[in-house]
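Biologist: I want to learn how to read a model like this. Please take me through it feature by feature.

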Amino acid sequence: MERLYELITSHEDWLLDRVLDYAKKHNYVKYTSTLREAWRMSIAGLSERILAVLRDNTQLLELGPDTDYNRDVIASYGILQARKHRERGVELGMFFGLLKYYRQSYVDLVLQAGLEQDCEKHYCLLIGSFFDRLEVGLCAEWGKVSQDSLIRELQTGNRAMTNEKNKFLTVYESLPNPVILLDSQNRVDIMNLAAAELFQDYCTPGVCYYGPGSDIETIPWLANELAVFSGSNEQEAILEKKIDTRRGTFYFEIKLKQMLDISEKFTGTVVILNDITKRKKAEEAAEHINEELNQIFNTAAGGMRVIDKNFNVLRINDTFANLAGLSPEEAAGKKCYEMFRGSFCHTPDCPLARIISGDERVEYDMEKERRDGVKIPCIVTATPFLAPSGELLGIVEDIRDISERKQAEDRIRRNAERAETLAQISQELSVVGLEYEAVLDTVVQKVAGLIGDACVVNMLSDDGQWLKPVAFYHPNPRALDLLRNILTGPALRADEEPFNRVILTGRQLLIQGVSVRNSGVFAGPEFSPYLDEVGLQSILIAPLRVKGGVIGTLVVARDKHGQPYNTEEQSFLQNLADRIALTITNARLYEKARRRLKQVHALRKIDMAIAANLKMNAIFEVILDQVVAQLDVDAADILQLHKDTQTLEYAAGRGFRGKSIEQSRLRLGEGYASQVILENRIIHIPNLAEVRSTFLRTPLLEGEDFITYIGVPLVAKGEVMGLLEIYHRAPLDPDTEWLEYLETLAGQASIAIDNAALFSELQRSNDELKQAYDATIRGWAYALDLRDKETEGHSQRVTEMTLRLARAIGMSEEELVYVRWGALLHDIGKMGVPDHILLKPGSLTEEEWAIMKRHPEYAYEMLIPISYLQPALNIPYCHHEKWDGTGYPRGLKGEEIPLEARIFAIVDVWDALCSDRPYRPAMPENKAFDYIRGQAGKHFDPKVVELFLGLMSKKNGSV
């Protein structure tokens, strides 16, 4: 059964064609459906029931007298079909006849399948039994219906068919497009309202169906096309035509389609018109615009290119073809990046990809590369090319060669960069001061980057014979090393070509091409490795000019692949050279001024040391510090001449590694040092190694590695004081300025030695005078003690005690000198008191006591004229003042009383209390302590009392 099942399921179209052939052959199509699909539905229904039976039964289906056909799958299908066809007015005989050919079609399917005979026979019997059962069910249904029922069914079916017809007619009349039905002779059969409005005088809906019909028989405006279509085997055709109608002239899209009729009852053509007037007018306008665009496209100054959404080139204009280097024919069909490649191609930043993603317009600058490798700077404007629906059709590119603009921009940019660089370098040079050589390293790098490749700054030596490179640069590390080897070798001679021309004329010199190898110093073998490595296209040498003179050169050189230097670059280089020259000159002047200022400061320090009357060694240290620092030498010493022994001996030194030089002691007449003294001139030994055997102090200089020696005599007031010696561990070639400053320092040292000697002599005389003053004062004090008849040694005791207490309080040694003198002379004023009052054994009268109390004033009057004793007046004048203000002679109070007088007052009273007097014996110390303590805040300063008692307590009662 599987084979039969497969045959039926896979041959539906075959069965449909077979039964239609039988129906047409025997004229059954005259009364049945005209649509092929209606017949297909019948085949599908039958096949479905046969397949259902095959799934459930493999045996033949037999008929029986008790079979309930309403419950039978096959018979019930026949009953259903009988009702449908009966309602449509189909007679039983016609239906049985048609069913016969359905049966035969299924049998034919089995017979043509090429099955084995037994299988073929069995399948045919199965099909026959299926249709027998179908026919029995059909007859059973048909036979039980009365005549009246048949009439009612026919009436009902007729009404349904009428309604169905009216529905389709309404739809036909309501169509917005004009539709015309033509018969087989291409005559108008019927047209809908939309068509009638265009081609008939009257246009009531349905008039062509219910009325007299169409008033036109043919459509001449389509006659030719219909004739062609009818003569072809095509089922449909579409064409466009301009037609004059009653409502005006319109463009229509006309669709011709043969009627779907297999019964041949209805044959003809369906004509459907679609108004495309607006579209055609838009197309005509677009075509006109396109013609204008083509004119613009082909004559545009810029390159035009159109590509599709897949980046395929559709067309290019002639200008673009020239840019890209290929013809429009060669460009068509290529990918856009195959003919003119940009840096954005195949990246997310591709402007064309952005257009496809939705950007409305993209404009950008970029460098396009042709297939031959030539790069062209362009400005590109890309816009989308859209269909009327808004769909993206492609992209239009406007590409303009901006090489000239770029060149102008590059010139402007280069000039701006040069101006900015010149300004930066000028700014840097203006603030660097003495550090200009360090800035020159940056300068040569910037210049090489702008107009290089190599850059060198040379400075002319003071004698104008040599050029010394002070800065150089090349961006290529290998070339830089080769340049360094050349420039760190022997100096360049300033009198050789080509530098001599630049230095003599003060003008630039440009050397180009192969002549470089034949140009003076560049022809030397030391330049060959550099020339072999990078070559030289051209060299530009600019003089460093200042006030009409040349102090050096600024040199730039381009490698062999570079371009010659143009006038703009030459002008830039000379401007820069002039600014560098000015900066160097200013820096040198500043350095000279600063050096002079430092020298003045050094001399000032020496002057201050001399003026301060420092000791000789301290002055020598200051002088030697300045010698080493200002003259920039390694070591220096001073040998002092001792006239009594006629020897030169080491006095001070700086910068020596060891101390052996301190053993220097030469007799006058020995060695180079004596030669300096005796000849009274500077001696310069450039190389000590050459005089090693005659330089007497060579052993003392072991390990010092000195090369240069300079000796300078120290002369003051026509007398030689010694000599200043300079030692340096490198060759020293001093200029005139250096030697002049050395002589100045030597003169200062001479003055210092002379002043120190004078000061030493003056100090010795002053000490002797002070000793004489002190002896005189002590004599006066002793005489006063004797006159007053007091205990011998009173003045000495109170003086020593006062000094100890003053020292404890914190008075300086200088102040203590005057405290001592004041204590010794505390009663000098009593020399003005008459003896009968001073030596009176009894009590003094008021008049006598008034005279006695004036002795402090007498002391003031006696001592004030003596200037060196004026600082000692406070004790003689104020030692009888009291803390509470009740003392004399001026009644001073508290701290108005000088400190040394407050100290002495306590000591004087203490010594008086503890000493025997003619009118009373000495007071015991404990009572004396009580008295002193009791007078604190009255007679005495409380703080000084506290300190005095503390000192006495530590000494167990004695100071």
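Biologist: How does a salt bridge show up, and what joins Glu48 and Arg49?

Modeller: A salt bridge is a side-chain nitrogen of Lys or Arg within 4 Å of a carboxyl oxygen of Asp or Glu. The side chains of Glu48 and Arg49 make one, at 3.6 Å from N to O. Keep in mind that this is a predicted model: local features need pLDDT of at least 70, side-chain atom pairs count only at pLDDT 80 or more, and totals for chains, interfaces and linings use all residues. Residues are numbered from 1 along each chain as its sequence is written, and side-chain values use heavy atoms, leaving out hydrogens and water.

Biologist: Is Arg49 buried, exposed or partly exposed?

Modeller: Buried means under 20% relative accessible area, exposed means over 50%, and partly exposed lies in between (1.4 Å probe, protein chains only). Arg49 has a relative accessible area of 22%, so it is partly exposed.

Biologist: How many salt bridges does the structure hold?

Modeller: It holds 40. One of them joins Arg354 to Asp359, with the closest N and O atoms 3.3 Å apart. Arg354 is partly exposed at 36%. Asp359 is partly exposed too, at 32%.

Biologist: What partner does Arg692 have, and how far apart are the closest N and O atoms?

Modeller: Arg692 forms a salt bridge with Glu702, at 2.6 Å. Both lie in the loop between strand E21 (683–685) and strand E22 (708–716), so the pair ties together parts that are 10 residues apart in sequence. Helices (H or I, at least four residues) and strands (E, at least two) are DSSP runs, numbered from the N terminus. Salt bridges can also link up: Glu240, Arg279, Lys280 and Glu283 form a network of them.

Biologist: Next, the backbone. What should I look for?

Modeller: Most residues other than glycine have a negative phi, and most peptide bonds are trans. Look for the exceptions. The peptide bond from Glu497 to Pro498 is cis, with omega near 0 degrees. Pro498 lies in the loop between strand E14 (492–493) and helix H19 (499–505). The bond from Tyr888 to Pro889 is also cis, with omega near 15 degrees.

Biologist: Where is Lys717 found, and what is its phi?

Modeller: Lys717 is in the loop between E22 and strand E23 (719–728). Its phi is positive, about 55 degrees, although Lys717 is not a glycine. With a relative accessible area of 69%, Lys717 is exposed. Phe311 has a positive phi as well, near 70 degrees.

Biologist: Last, the whole chain. How many helices and strands does it have?

Modeller: The chain has 33 helices and 23 strands. Of its 959 residues, 43% count as buried.
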